[in-house]
Amino acid sequence: MDASALKEMQAPLKAQYRDDPTAALITLKAEGELDGTGVACRVRTATALAEAGLHPATGGDGSQLCSGDMLLEALVACAGVTLRAVATNMGLDVSGTVHAEGDLDFRGTLGVDKEAPVGFRDIRLTFDLDTSADADQVATLIKLTERYCVVLQTLVSSPATSVHVNTAGTAAQ
């Protein structure tokens with residue numbers, strides 16, 4: 001896809017969102033099924049059913065997806081798509097790879113040490129790019145990719161998150 005095709009595809013959406021900002025407010029949803037056997041959760045993606053389970057560092061056997069890996073995979077996917085869209089709009093020919101890695105201390109998630117953090121301490125996102133773009137163009141490409149990557153901005157800004165419980169058949173205690 002070239003820049004004009006992408007702009008043509010996005011132009012009506014941008015116009016609609018300018019005219020009616022509420023049309024741009026969309027709630028994305030994900031749902032998981034607690035299977036009742038083992039320690040797993042099945043999540044339906046757009047193209048497949050994914051089954052998440054325990055990471056080997058918490059007792060899993062490695063046969064199921066780890067939600068921490070899935071978070072990093074979502075970051076890589078979003079950053080990669082965003083970079084490609086920005087590069088297309090800038091008229092840049094860019095290929096390469098996107099990598100994310102994060103550091104976890106599993107003592108926290110296993111309750112071994114109450115002082116150990118639960119969750120990622122640090123996440124690093126790296127782009128290995130093959131491009132003829134000059135240094136200023138690459139800097140602009142990365143700046144705009146960082147600005148418009150939904151998953152990256154969600155991780156960086158830590159939005160308010162709430163937890164709710166609905167029960168069926170039994171009273172919640």
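Visitor: Which residues is Leu-141 in contact with, leaving aside its neighbours within four places in sequence?
Guide: Leu-141 is in contact with Leu-83, Val-86, Ala-87, Met-90, Leu-92, Val-94 and Leu-129. Contact here means heavy atoms within 4.5 Å.

Visitor: Before we go on, what am I looking at?
Guide: This is a predicted model: local features need pLDDT of at least 70, side-chain atom pairs count only at pLDDT 80 or more, and totals for chains, interfaces and linings use all residues. Residues are numbered from 1 along each chain as its sequence is written, and side-chain values use heavy atoms, with hydrogens and water left out.

Visitor: OK, back to Leu-141. Which residues have the most contacts inside the largest nonpolar core?
Guide: Leu-141 is one of them, along with Leu-83, Ala-87, Leu-92, Val-94, Phe-127 and Cys-149. That core has 14 residues. A nonpolar core is a set of buried Ala, Val, Leu, Ile, Met, Phe, Trp, Tyr and Cys residues joined through side-chain atoms within 4.5 Å. Buried means under 20% relative accessible area, exposed means over 50%, and partly exposed is in between (1.4 Å probe, protein chains only).

Visitor: Which element gives the most to this core?
Guide: That's α2, with six residues. Both α2 (67–90) and α4 supply at least two residues each.

Visitor: What about Thr-82, buried or exposed?
Guide: Thr-82 is buried, at a relative accessible area of 11%. You'll find Thr-82 in helix α2. Not counting residues up to four places away in sequence, Thr-82 touches Thr-145, Tyr-148 and Cys-149.

Visitor: And Glu-146, where is that?
Guide: Glu-146 sits in helix α4 and is partly exposed, with a relative accessible area of 40%. Leaving out residues up to four places away in sequence, Glu-146 touches Leu-152 and Gln-153.

Visitor: New topic: sheets. In what order do the three strands of the open sheet come?
Guide: The order is β1-β2-β3, with antiparallel pairing. β1 and β3 (49–53) are at the edges with a single partner strand each, so one side of each has no neighbour in the sheet. From one strand to the next, the twist averages 30°. Angles run from 0 to 180 degrees between N-to-C directions, and the axes are lines fitted to C-alpha atoms, for helices over the stretch in contact.

Visitor: How many bridges join β2 to β3?
Guide: Five, with β2 covering residues 40–44. In one of these pairings, Ala-40 has Gly-53 in β3 as its bridge partner. Two strands count as paired if DSSP finds at least two bridges between them.

Visitor: How many salt bridges are there?
Guide: The count comes to six. A salt bridge is a side-chain nitrogen of Lys or Arg within 4 Å of a carboxyl oxygen of Asp or Glu.

Visitor: Which residue does Asp-103 form a salt bridge with?
Guide: Asp-103 forms one with Arg-124, and the closest N and O atoms are 2.8 Å apart. The pair links distant parts of the chain, with Asp-103 in strand β4 and Arg-124 in strand β5, 21 residues apart. Arg-124 also forms a salt bridge with Glu-101, where the closest N and O atoms are 3.0 Å apart.

Visitor: And which residue does Glu-33 form a salt bridge with?
Guide: With Arg-42, the closest N and O atoms being 3.5 Å apart. Glu-33 is partly exposed at 46% relative accessibility, and Arg-42 is partly exposed at 27%. Salt bridges that share partners join Glu-33, Arg-42 and Glu-51 into one network.

Visitor: Last one: what's up with phi at Ser-158?
Guide: Phi of Ser-158 is near 40°, a positive value in a residue other than glycine. Most residues other than glycine have a negative phi. Ser-158 lies in the segment after α5 (150–157) and counts as exposed, at 57% relative accessibility.

Technical notes:
Helix = DSSP H or I, 4+ residues; strand = E, 2+ residues; numbered from the N terminus.
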